[in-house]
Amino acid sequence: KAQGADPTTDVDPFGEGIIGRFGVGFYSGFMVSDKVDVRSKSAGKVSNNETEITESNDEPIVWESTGTGKYSISALSEDIRQDRGTSVVLHLKPELSQYSNESTIETILKKYSNFVGFPIFLNGNRVNTIDAIWLQEPKTVDEEKHSAFYKYVSHMHDEPLSTIHFRMDAPLDIKALFYIP
C-alpha cells in the first residue's frame with residue numbers, strides 16, 4: 001500500500017501510475033482516444049474443492065481514464081450491457097473518427113498483425129491469416145505454404161527460384177527464411 005493514501009478520497013490511492021504497467025499497446029489507445037473504459041464482469045468462481053465453477057452474481061465494473069495519470073473504478077451503469085469477460089472501449093477523438101470504420105481497422109490489422117502468434121478476430125472473422133512460417137520447423141512447411149508466403153511478402157506473382165529455410169539452436173537459436181526471386 002502507498003503510504004499516506006486515502007482510498008476514500010484519492011482517485012488513485014494504490015495504483016501509483018498503473019497505466020504504464022498495462023504496456024505500450026494498451027497505453028497507445030490514449031493516442032487516439034479522449035477516454036478509455038475497461039469494462040469487466042467475472043466469469044464465475046471456482047468452488048472450494050476446485051471441481052466446479054459457479055456463476056457469478058457480481059455486478060460488472062468499469063475502469064475509466066483519460067490518460068492523465070488518474071483513473072476511477074465504479075459499477076458499470078445498468079444501461080450498458082457487459083457479458084462475462086472484459087471489453088476495452090476507446091472513445092475516439094473526433095478528428096480520428098476514420099478509425100471507427102471497420103474496413104480501416106481491418107486494413108491496419110492485416111498490415112501490422114499478420115505474423116502475430118495468435119489469431120485476431122474482427123466481428124467474428126479472423127484477420128491475421130498469414131502464419132510466421134520462419135518460426136515453424138522447415139520440414140513441416142510445404143511448397144504451397146512457401147509459395148503463398150513468398151507471394152504475400154514480395155508482392156510477386158511467380159514462384160521463387162529457390163528457398164532456403166533453416167533452424168539452428170546451438171549456440172544460438174537462429175531461424176531463417178530466404179527466397180531467391
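Modeller: Here is the close look, with some background before and after it.

This is a predicted model, in which local features need pLDDT of at least 70 and side-chain atom pairs count only at pLDDT 80 or more, while totals for chains, interfaces and linings use all residues. Residues are numbered from 1 along each chain as its sequence is written, and side-chain values use heavy atoms, with hydrogens and water left out.

Start with the outline. The chain has 4 helices and 10 strands. Helices here are DSSP runs of H or I with at least four residues, strands are runs of E with at least two, and both are numbered from the N terminus. In sequence order the pattern reads α-α-β-β-β-β-β-β-α-β-β-α-β-β.

Now the rings. The structure holds 7 aromatic pairs. Rings of Phe, Tyr and Trp (its six-membered ring) pair if their centres lie within 6.5 Å; planes under 30 degrees apart count as stacked, over 60 as edge-to-face, and the rest as tilted. Take Phe115 and Trp134. Their ring centres are 5.2 Å apart and their planes stand at 65°, so this pair is edge-to-face. Phe115 sits in the loop between helix 3 and strand 7 (121-122), and Trp134 in the loop between strand 8 (125-126) and helix 4 (143-154), so the pair ties together parts 19 residues apart in sequence.

How covered are these two? Phe115 is partly exposed at 31% relative accessibility. Trp134 is partly exposed too, at 28%. Buried means under 20% relative accessible area, exposed means over 50%, and partly exposed lies in between (1.4 Å probe, protein chains only).

Phe115 has another partner, Tyr152. Here the centres are 6.1 Å apart and the planes at 85°, so this pair is also edge-to-face. It links distant parts of the chain: Phe115 in its loop and Tyr152 in helix 4, 37 residues apart. Tyr152 is partly exposed, with 31% relative accessibility. Step back, and ring pairs link Phe115, Trp134, Phe149, Tyr150, Tyr152 and Tyr179 into a cluster.

Next, the cores. A nonpolar core is a set of buried Ala, Val, Leu, Ile, Met, Phe, Trp, Tyr and Cys residues joined through side-chain atoms within 4.5 Å. The largest one has 6 residues: Phe26, Phe30, Val36, Val38, Trp63 and Tyr71. A second, separate core of 5 residues includes Ile133, Val141, Phe149 and Tyr179. Phe149 and Tyr179 are also in the ring cluster. In soluble globular proteins, nonpolar side chains tend to be buried together.

Look at Val38 in the largest core. Leaving out residues up to four places away in sequence, Val38 touches Phe26, Ile61, Val62, Trp63, Thr86, Ser87 and Val88. Contact means heavy atoms within 4.5 Å. Across the chain, residues 24 or more positions apart account for 44% of the contacts with a separation of 6 or more.

Charged pairs come next. The structure holds 8 salt bridges, each a side-chain nitrogen of Lys or Arg within 4 Å of a carboxyl oxygen of Asp or Glu. One joins Glu106 and Lys110, at 3.3 Å from N to O. These two are 4 residues apart in helix 3 (residues 102-113), so about one helical turn separates them. Glu106 is partly exposed at 30%, and Lys110 is partly exposed at 38%. Elsewhere, salt bridges that share partners join Lys35, Asp37, Arg39 and Glu64 into one network. Within it, Lys35 meets Asp37, with the closest N and O atoms 3.8 Å apart. Asp37 also bridges to Arg39, at 3.4 Å. Lys35 is partly exposed at 26%, whereas Asp37 and Arg39 are buried.

The accessible surface comes to about 13,100 Å², and 54% of it belongs to carbon and sulfur atoms. Such areas come from the Shrake-Rupley method with a 1.4 Å probe; for residues, only the protein chains shown count as cover. Of the 181 residues, 23% count as buried. Leu161, Ile164, Phe166, Met168, Leu172, Ile174, Phe178 and Ile180 make a nonpolar surface patch of about 750 Å². Patch residues have over 30% relative accessible area and no salt bridge; like charges are joined within 9 Å, and nonpolar side chains (Val, Leu, Ile, Met, Phe, Trp, Tyr) within 5 Å. Strand 9 (162-168) and strand 10 (174-180) each supply at least two of the patch residues. Met168 lies in strand 9 and is partly exposed at 38%.
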